[in-house]
Amino acid sequence: MRAVRSGPGLEEGRDQDLDRLLGLVARGDQDAFEAVYDRLAGPVYGLIRKVVRDQAQSEEVTQEALLEVWRTASRFDPGRGSAATWVMTIAHRRAVDRVRSAAAAAERELRTAQPLVTDDTVAETATANLEAERVRRCLGGLTELQRESITLAYYGGYTYPEVAGLLHTALGTVKTRIRDGLIRMRDCMGVNW
Amino acid sequence: MRFSRHDLHTLTGVYALDAVDGSERDLFEHHLRRCRPCGNEVRSLAETATGLAMAAALPPPPRVKERVLAACAVTRQLPPAIDRPSRPVRWAPRQALRRSWTPRLAAAVAVVSLAVAVALGAVGLRTRQELDSARAQDQAIAAVLAAPDARIMSRATTDGGTATVVVSRVEGKVVFTTAGLPRLPASKVYELWLMGPPKIRRAGLLPSPAAGRTAPVLASGLVAGDSVGVTVEPAGGTSRPTTAPIVVMALRV
């Protein structure tokens, strides 16, 4: 296993301001919550839309996720990750909860007679946004199997056994490709955590 | 299923993407508590995944912001988790509602500021009997909110309001409340239904809104596949829905 870099001064790119805002939210500051909303509602909604697809349901899940951020802000621990990641973890969890029940999965299949999520879905949303540009570039540096596995799991909301089924690939292979791919992304994106 | 230590280590990636479920997830979480390098790796990979979310940003419609801010104004926040020796908390039915809001219970609870003081304050009860029955109702509601598996869900209603439920599969009960529903003429009422695959059951009438919200209504006897729904019916209610529901929520119990 690779050593993970850590230590003071290495958290460049981390939005300290967001950490501070979330601390205020935990104390019931609604203005701070609105500021957090303004920063993160876009990524939260965009991520949920990718997983859930249906617009009305995505709005509902977005509301649930952001309300959970409000409600549980006191449980955010800056020592365990950034505020943005804490929020995105909640959002992704809510989104997969919505699509992973058997009934929901059947519904989703009916509703989305579309091709599976692939890397071009990143390209389409990667606007002039620098972060998006960087992510796209880093995704482009992965092998096809790594990239497909990661996007199906994260944007598609599939479990890794489902990803393995979709890609007709062995379970263990998908598991390690996702890990290898993410480590490569991490190093490419300069994530220091 | 058995997993070797090596297998567990390699789950960091799929765990960071929330792509592992069930017993494998439980096992890995157990392992994580002991494996510091795994924890560090999961954190760095979760930060990486956040980059993927940022790249997918899409502005939500303005109504989402309105609803979220309105909901947060009436939603009680969890107190911080405090490290101290845990002791089991049992629901004590004779205790006043306020006693149930100890941090440990509240931690397990998904709480809209609903239950608190609810019927007691808002509805203007007069007799001792009414007070007792309201208190019993509050305690039943608090038990649902305090259930370890309590889960909160919200949906927009077709008439511009928001319905919120807290559901517990263990208790077999759901607490239902609303905000922003239009006031109805005296000849009409909002009626709550449990809608299961086999049949639709009455689940009570919503009290008239006070300060834009309806006091929580408790419905029991949930069965697998139930949804809750609300229709507008003639005053007094009906035995089966006669209008299109203003909201339906699958409870996933």
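The mean pLDDT of chain B is 76, and 75% of the residues of chain B reach 70 or more; pLDDT is the predictor's confidence in each residue, on a scale from 0 to 100. The structure is a predicted model, in which local features need pLDDT of at least 70 and side-chain atom pairs count only at pLDDT 80 or more, while totals for chains, interfaces and linings use all residues. Residues are numbered from 1 along each chain as its sequence is written, and chains are lettered from A and ligands numbered from 1 in the order in which they are written. The model scores ipTM 0.84 and pTM 0.59. Within chain B, confidence is highest in helix α2(B), at a mean of 96, and lowest in helix α6 (residues 103-108), at a mean of 33. Over residues 85-126 of chain B, pLDDT stays under 50. For that stretch the model has 67 contacts beyond four places in sequence, two residues being in contact if their C-beta atoms, placed from the backbone, lie within 7 Å.

Chain A has 10 helices and zero strands. Helices (H or I, at least four residues) and strands (E, at least two) are DSSP runs, numbered from the N terminus. Of the 193 residues of chain A, 45% count as buried. A residue is buried if 20 or more other C-beta atoms lie within 10 Å of its own, exposed if 12 or fewer, and partly exposed in between, with C-beta atoms placed from the backbone. Among the contacts in chain A with a separation of 6 or more, 65% are between residues 24 or more positions apart.

The two chains meet through 52 residues of chain B, which are in contact with 65 residues of chain A. On the side of chain B that touches chain A, the elements giving two or more residues are α2 (12-16), α4 (36-55), α5 (62-73) and β1 (151-156) of chain B. The largest share, 16 residues, comes from α4(B). By residue type, this side of chain B divides into 31 nonpolar, 12 polar and nine charged residues; Ala, Val, Leu, Ile, Met, Phe, Trp, Tyr, Cys and Pro count as nonpolar, Asp, Glu, Lys and Arg as charged, and the others, Gly among them, as polar. Helix α4(B) has 20 residues and reaches 29 Å from its first C-alpha to its last, close to the 28 Å expected at 1.5 Å a residue, the expected span being 1.5 Å times one less than the number of residues. Of the 20 residues of α4(B), 16 are buried, so this helix is largely enclosed by the rest of the structure.

In the largest nonpolar core, which has 75 residues, Val44(A), Ile48(A) and Ala153(A) touch the most other members. A nonpolar core is a set of buried Ala, Val, Leu, Ile, Met, Phe, Trp, Tyr and Cys residues joined through C-beta atoms within 7 Å. Helix α2 (residues 30-52) of chain A gives the largest share of this core, 11 residues. A second, separate core of 32 residues includes Ala142(B), Met195(B), Leu218(B) and Val230(B). Residues up to four places away in sequence being left out, Ala153(A) touches Tyr158(A), Tyr160(A), Val163(A) and Ile178(A), together with Val14(B), Leu17(B) and Ala19(B). Leu66(A), placed in helix α3 (residues 55-72) of chain A, is buried, with 29 other C-beta atoms within 10 Å. With the same exclusion of residues up to four places away, Leu66(A) touches Tyr37(A), Ala41(A), Val44(A) and Val68(B). The C-alpha atoms of Leu66(A) and Leu40(A), 26 residues apart along the chain, are separated by 9.2 Å.

The buried residues of helix α9 (residues 160-167) of chain A are Tyr160(A), Val163(A) and Ala164(A). They cover an arc of only 100° around the axis, which puts them on the same side of α9(A); the arc is that of the directions from the helix axis to the C-beta atoms. Their cover includes α8 (144-154) and α10 (171-189) of chain A together with α2 of chain B.

Two residues stand out by their backbone angles. Most residues other than glycine have a negative phi. His168(A), in the loop between α9 and α10 of chain A, has a positive phi near 50°, and with 6 C-beta neighbours inside 10 Å it counts as exposed. Asp18(B), in the loop between α2 and α3 (22-32) of chain B, has a positive phi of about 60°. With 23 C-beta neighbours inside 10 Å, Asp18(B) counts as buried.
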